[in-house]
Amino acid sequence: MKKTYLGAAFYPEVYGKDLPTLKQDIEFMKKGGFNVMRIAEFSWSCMEPHDGVYDFEWLHTIVDTLAENGIKTIMCTPSATPPAWFTKKYPEALSIDESGRRKQHGARRHCCSNVPVYREYSCRIAEKLAKEFANDPAVIGWQLDNEIATFDRGCSCPDCMRAFHTRLRQKFGSIENLNKAWNLNMWSQAYESFEDIPHPDERTWSNPSLISEYTSFNSDSHADFMRIQAETLRANGVTAPIGTDMMPFFLQSHPKTTAPLDVIQFNHYNTLDNLWVSTFWFNYCQNLKPDVPFWNTETSTSFNGSAAIPAARYPLGFCRINTLLPFAFGSEMNCYWLWRSHPSGHELMHGSVITTQGRPLYNFNEIEQVSALLDKSEDFLASTKAGRPDFAMTASCNTGIMFIASPTVEKFDYIKKITEAYHSFFGTGMLPQVIEPCMPLDDVKVLYSPYLMTLEEGDFAARLEKWINDGGIWIAGPLTDIRNSELAKYPDSPYGILERITGIYNDFGMSAASIPAKVVWNSGLVGDTDVWTDVFTLTDGMESLATYYSNDIEPSPLDGLTAAAFCPVGKGGVIVLGTQPDAAAMAEIARYAYAKAGIDPGVTSDSNVLAIERIGERNGLVLAEVEHRAGSVQLDGSYRDLATGNIHSGTVELRPYGFMVLEKL
């Protein structure tokens with residue numbers, strides 16, 4: 001990190017290409033301490049009002065005027081909103097929805113990423129933009145498209161189906177191999193040719209393997225669409241970092257989408273009730289590509305809404321803490337959506353920095369406070385990185401797709417459950433780094449993998465087994481290693497590798513809702529079973545860590561049976577979880593794993609306070625209260641508060657939504 005940026009999404013063209021609001025906008029930008037603006041992501045029709053007719057003069061005026069006032073620009077390619085003349089001329093570019101109807105012009109992302117003419121025109125406008133702005137020093141970065149992702153089962157147009165069938169042919173080689181992998185003799189589903197395989201229509205009880213494969217195909221199509229735009233920009237002189245603003249979902253593969261890009265860009269919208277969830281995603285983003293910058297490209301100053309404001313709370317102080325949190329996890333930037341609220345249209349009720357009429361919102365003073373704090377702490381933040389602890393937790397886009405196709409437990413929500421598991425470690429001094437299975441395990445000593453449905457992601461299973469044998473401690477489950485890459489069960493074991501490498505035996509398993517039971521952990525903690533209940537038989541050398549017993553309502557067939565165990569493997573071992581522990585029990589399990597791995601917890605705090613280590617040329621902590629109530633941190637030495645200059649040691653109290661940047665003395 002070289003500096004910190006505070007910005008917003010800026011749409012002056014909404015008010016006219018003569019830019020009538022620009023002078024007033026810049027006055028407020030300077031007052032609020034803004035030093036970057038994202039522009040042009042939805043302005044294709046202003047850049048190219050007619051096919052092959054271009055107008056970039058107004059865009060140069062914005063970039064130049066911002067630069068004259070000390071404000072840099074992130075330039076966006078506008079492929080998310082192709083103009084009406086394009087969709088009129090090429091209606092075949094419009095996506096076909098799950099009901100078989102083509103989408104209409106007038107939304108966003110209404111064209112299909114696989115249609116050649118749409119790709120051609122998207123690259124053409126990206127090329128024109130690059131030739132205009134590649135050498136402009138005021139443009140410090142580029143954003144591709146906007147929030148690329150599929151939120152349903154994707155397009156079923158002829159181009160998509162041709163590409164999907166080609167993918168299946170390349171993957172399986174023969175239709176017989178596909179029929180066998182997907183077990184399509186059941187219900188006489190077997191196909192005679194790849195071309196017979198349909199789109200997994202929402203109205204059909206489609207095979208889970210088909211749903212999963214098609215969702216992954218959608219994701220890969222979008223990722224490739226981002227790749228060709230990035231290559232177009234680079235081929236036309238762009239050297240500034242290129243990214244695409246991703247969202248907190250797993251249906252779009254973050255690793256594949258960002259692989260060819262230079263910066264991780266992330267958008268999120270949280271409230272009082274779920275602000276802490278954003279920290280899971282910041283953690284994930286900083287680890288996705290640790291050697292490239294991380295920019296938080298969208299969040300709201302307050303309410304998030306389109307035609308109506310939702311019933312969610314954004315109390316005083318929310319804007320301040322919401323803005324600062326990404327910087328704790330290594331982000332170089334935080335941008336609001338949006339700068340000036342729209343005068344009409346789809347999102348006119350969305351929170352902003354200033355109103356349609358050019359008046360600051362109720363919390364503009366919090367933005368000024370953020371600017372002041374960033375000014376005082378910028379040197380420290382620029383010379384340090386968020387720490388990468390020896391403890392890691394897996395989160396998988398691939399698994400997220402698989403659980404959508406085959407939830408396993410009714411209403412199972414992978415993102416909700418994986419973030420709740422992460423939340424278990426708040427305050428313990430053992431907050432894990434969040435990593436994808438494709439990432440290295442070299443700097444990890446303890447790995448926690450809840451709900452990791454399959455280990456068959458590239459060479460992960462082989463790397464994991466070697467890592468355990470070399471001394472790693474793996475906390476596995478529940479619902480981990482239970483399917484192969486095609487969403488099928490294993491024929492000889494409930495697991496792919498767990499029984500083989502540990503020697504543990506899974507007697508049976510069922511939903512935790514099926515047979516009510518309690519679980520008592522070796523530490524004495526007692527809790528309810530959650531999500532799943534696997535029962536294990538142990539062999540010599542294993543240690544039982546938890547036992548099921550009947551609750552107060554009815555007897556249980558689980559009574560006295562093993563719910564969790566430690567199994568030594570090589571120089572390391574595996575902690576197998578048959579049910580999901582509550583937060584207190586999970587913290588105890590992590591401490592047990594820490595002791596096995598020979599590592600010590602870090603700074604502890606109340607469960608509503610995060611203490612994020614910063615390491616580098618200087619060292620310190622960033623403290624953040626995320627639940628709107630007072631909390632405290634127990635420091636491990638003396639620290640200087642970079643905002644006030646005060647020296648702290650021992651217990652530090654934080655007010656609701658408090659945030660402190662502390663340098664260790």
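Two strands pair if DSSP finds at least two bridges between them. Helices (H or I, at least four residues) and strands (E, at least two) are DSSP runs, numbered from the N terminus. Welcome to a few close-up views of a predicted model, in which local features need pLDDT of at least 70 and side-chain atom pairs count only at pLDDT 80 or more, while totals for chains, interfaces and linings use all residues. Residues are numbered from 1 along each chain as its sequence is written, and side-chain values use heavy atoms, with hydrogens and water left out.

**View 1. Strands S22, S25 and S28 form an open, antiparallel sheet.** The order of the three strands is S22-S25-S28. At the edges are strand S22 (604-605) and strand S28 (651-654), each of which pairs on one side only. Strand S25 (residues 631-634) runs antiparallel to S28, and four bridges join the two. To find your way in, look for Gln 634, which stands opposite Thr 651 in S28.

**View 2. Strand S29 (residues 659-664) is largely enclosed by the rest of the structure, because five of its six residues are buried.** Buried here means under 20% relative accessible area, exposed means over 50%, and partly exposed is in between (1.4 Å probe, protein chains only). Strand S24 (residues 620-625) pairs with S29 in the antiparallel sense over five bridges. In that pairing, Leu 621 has Leu 662 of S29 as its bridge partner. Strand S26 (residues 639-641) is also antiparallel to S29, with three bridges. Here Arg 640 has Glu 663 of S29 as its bridge partner.

**View 3. Lys 89 and Asp 51 form a salt bridge.** Side chains of opposite charge can pair when their charged atoms come close. A salt bridge is counted when a side-chain nitrogen of Lys or Arg is within 4 Å of a carboxyl oxygen of Asp or Glu, and the structure holds 40 of them. In this one, the closest N and O atoms are 2.7 Å apart. The pair links distant parts of the chain, 38 residues apart: Lys 89 is in helix H4 (residues 84-89), and Asp 51 is in the loop between helix H2 (44-47) and helix H3 (57-68). Lys 89 is partly exposed, with a relative accessible area of 47%, and Asp 51 is partly exposed at 29%.

**View 4. A network of salt bridges links Arg 167, Lys 171, Glu 213, Asp 220, Lys 256 and Glu 486.** Start with Glu 213 and Lys 171, whose closest N and O atoms are 2.7 Å apart. Glu 213 lies in helix H8 and Lys 171 in helix H6 (residues 158-172), so this pair ties together parts that are 42 residues apart in sequence. Asp 220 is in helix H8 and Lys 256 in helix H9 (residues 254-258), 36 residues apart. Lys 256 is partly exposed, with a relative accessible area of 48%.

**View 5. The rings of Phe 34 and Trp 339 make an edge-to-face pair.** Rings of Phe, Tyr and Trp (its six-membered ring) pair if their centres lie within 6.5 Å; planes under 30 degrees apart count as stacked, over 60 as edge-to-face and the rest as tilted. A search of the whole structure finds 40 aromatic pairs. For Phe 34 and Trp 339, the ring centres are 5.1 Å apart and the planes are at 85 degrees. The pair ties together parts that are 305 residues apart in sequence. Phe 34 is buried, with a relative accessible area of 4%, and Trp 339 is buried at 0%.

**View 6. The rings of Phe 250 and Tyr 414 make a tilted pair.** The ring centres lie 5.6 Å apart, with the planes at 50 degrees. Phe 250 is in the loop between strand S6 (245-246) and H9, and Tyr 414 is in helix H14 (residues 414-423), 164 residues apart in sequence. Both Phe 250 and Tyr 414 are buried.
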